[in-house]
Amino acid sequence: MNFGSDNQSGASDAVLRALSEAFTGTADAYGHDHFSQAAEQALKRVFDTELSVFFVVSGTAANSLALSSMVQPWDGIVCHHQAHILLDESSGPALFSGGASLLPVPSRALKISPDALRTMLQRFPNEPPHNIRPRALSISQANESGQVYTVDEVVALGQCAKEAGLRFHMDGARFANAVAALGCAPADLTWRAGVDVLCLGATKNGAVACEAVVCFDQALATDFHFRMKRSGHLVSKSRLFGAQMVAWLENDHWLELARTANDRARYLRASIAGGQGVRLAFDSESNETFILLDKSLFERLSRDVSLFDWYPDALPDDNALQANEMIARLVTSFNSTEAEIDRLIALINRLSST
């Protein structure tokens with residue numbers, strides 16, 4: 001049973017068919033192929049605006065390249081204390097930006113709030129050139145704790161960022177899950193709310209390898225191809241990205257895949273709440289579920305189930321671990337099934353009773 005990550009899921013039939021068809025003949029390289037051009041037009045329709053887009057193979061590359069266009073080496077990037085760019089991308093953002101620092105908001109809340117952001121910025125030392133200068137805000141949507149920022153919350157954070165002179169970056173590795181959960185227009189959750197750059201991830205949600213740096217502020221797209229080339233991320237057979245993105249977006253396939261993953265997560269959380277041996281660490285709104293369980297149960301469960309232990313400080317202040325207890329993450333994907341979840345719950349119940 002696989003609940004380790006949506007990165008471990010396969011690709012949708014529609015995406016695989018598109019890839020197979022795209023590579024049966026020849027096509028121009030380095031983004032000049034008609035597949036990539038069609039993908040750009042499709043993204044403009046989805047987001048209902050003009051934009052510039054650059055395709056890369058990984059989320060780390062997308063985030064690091066995007067942030068490098070938004071800050072100087074002596075600047076700081078404000079983020080959540082569990083942000084992927086902070087904990088799980090090594091020093092990628094610092095490398096690509098030439099040294100910019102990541103500045104976690106000092107709060108154990110599951111999401112960044114406007115009040116916490118303002119308080120942090122007001123207290124931050126401001127004696128140039130001695131101090132790091134905050135110049136960008138980065139949020140993940142959906143975030144690393146399975147939380148979804150509402151449209152109003154993104155708008156409020158965008159206003160805070162603008163007031164403080166910060167660029168606004170969104171890590172959208174699970175953006176499809178957020179849009180599916182909220183049922184809103186993608187534009188309302190991004191550029192209309194003040195987001196300058198979205199790193200739109202398809203890989204976790206039915207693609208093989210396809211991440212898009214979507215620049216709503218097209219001034220940030222200036223010389224972006226040079227950033228890609230010098231970092232080794234300008235792929236020659238760029239139809240790899242274009243073909244996937246077109247198939248992924250067509251007829252809202254991306255949202256259908258995300259809704260399935262979200263629905264399976266809701267079924268999983270409801271099943272956990274009615275079972276024994278584990279409890280929900282906190283509620284979540286996307287396809288990630290966090291549980292608290294005994295360390296010995298985790299060890300035995302891990303023999304048959306792919307799942308990951310998680311950071312203890314991901315828990316909010318009002319939810320403490322008990323003795324010999326730990327936090328773990330379960331992730332559903334577009335190809336997760338209720339039958340697989342039922343088998344997981346049955347295994348948890350059996351192991352808990354022995």
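A residue counts as buried when its relative accessible area is under 20%. In this predicted model, phenylalanine 175 is buried, and tryptophan 254 is buried as well. The two rings form a stacked pair, because their centres are 6.4 Å apart and their planes meet at 15 degrees. The pair joins distant parts of the chain. Phenylalanine 175 belongs to helix H8, tryptophan 254 to helix H11 (residues 253-273), and 79 residues separate them. Nine aromatic pairs were found in a search of the whole structure. Ring pairs also connect Phe175 and Trp254 with Phe47, Phe216 and Trp248 in a cluster.

The largest nonpolar core holds 52 residues. Within this core, Leu137 and Trp248 touch the most other members. Helix H8 (residues 175-182) supplies the largest share, five residues. A second, separate core has 23 residues, among them Ala61, Leu65, Ile85 and Cys199. Beyond its neighbours within four places in sequence, leucine 137 makes contact with Val78, Ile112, Leu117, Leu157 and Ala161, and also with Leu166, Arg167, Phe168 and His169.

The largest pocket contains about 400 Å³ of space. Its lining comprises 26 residues. Asn7, His84, Ala173, Arg174 and Lys204 lie nearest the centre of the pocket. By class, the lining has eleven polar, nine charged and six nonpolar residues. Helix H3 (residues 59-68) gives the largest share of this lining, three residues.

The whole structure has two cavities of 30 Å³ or more. The largest cavity holds about 40 Å³ of space. Its lining consists of His80, His81, Val105, Ser107, Ala109, Lys111, Ile112, Ser113 and Ala116. Four of these residues are nonpolar, four are polar and one is charged. The second largest cavity holds about 30 Å³. It is lined by Gly59, Ala62, Asn63, Asp171, Gly172, Ala173, Cys199 and Glu211. H3 and strand S5 (167-172) are the elements that give two or more residues to this lining. The largest share, three residues, comes from H3. The classes are three nonpolar, three polar and two charged.

Backbone geometry was considered next. A cis peptide bond links proline 128 to proline 129, with omega about 5 degrees. Proline 129 sits in the loop between helix H6 (114-123) and strand S4 (133-140). Another cis peptide bond links glutamine 141 to alanine 142, with omega about -10 degrees. Alanine 142 is placed in the loop between S4 and helix H7 (151-163).

Positive phi values occur at two aspartates. Phi is near 65 degrees at aspartate 223, a residue other than glycine. Aspartate 223 lies in the loop between strand S7 (211-215) and helix H9 (224-230). Its relative accessible area is 49%, so aspartate 223 is partly exposed. At aspartate 252, phi is near 55 degrees, again a positive value in a residue other than glycine. Aspartate 252 occupies the loop between helix H10 (239-249) and H11. Aspartate 252 counts as partly exposed because its relative accessibility is 43%.

Key:
Residues are numbered from 1 along each chain as its sequence is written. This is a predicted model: local features need pLDDT of at least 70, side-chain atom pairs count only at pLDDT 80 or more; totals for chains, interfaces and linings use all residues. Side-chain values use heavy atoms; hydrogens and water are left out. On a 1 Å grid over the protein atoms alone, a cavity is a set of points where a 1.4 Å probe fits but cannot get out, and a pocket is an open set with protein on both sides within 12 Å along at least five of seven lines; lining residues have an atom within 4 Å of a point. Grid points are joined across faces, edges and corners, and a volume is the space filled by probe spheres set on the points. Helices (H or I, at least four residues) and strands (E, at least two) are DSSP runs, numbered from the N terminus. Ala, Val, Leu, Ile, Met, Phe, Trp, Tyr, Cys and Pro count as nonpolar, Asp, Glu, Lys and Arg as charged, and the others, Gly among them, as polar. A nonpolar core is a set of buried Ala, Val, Leu, Ile, Met, Phe, Trp, Tyr and Cys residues joined through side-chain atoms within 4.5 Å. Buried means under 20% relative accessible area, exposed over 50%, partly exposed in between (1.4 Å probe, protein chains only). Contact means heavy atoms within 4.5 Å. Rings of Phe, Tyr and Trp (its six-membered ring) pair if their centres lie within 6.5 Å; planes under 30 degrees apart count as stacked, over 60 as edge-to-face and the rest as tilted.
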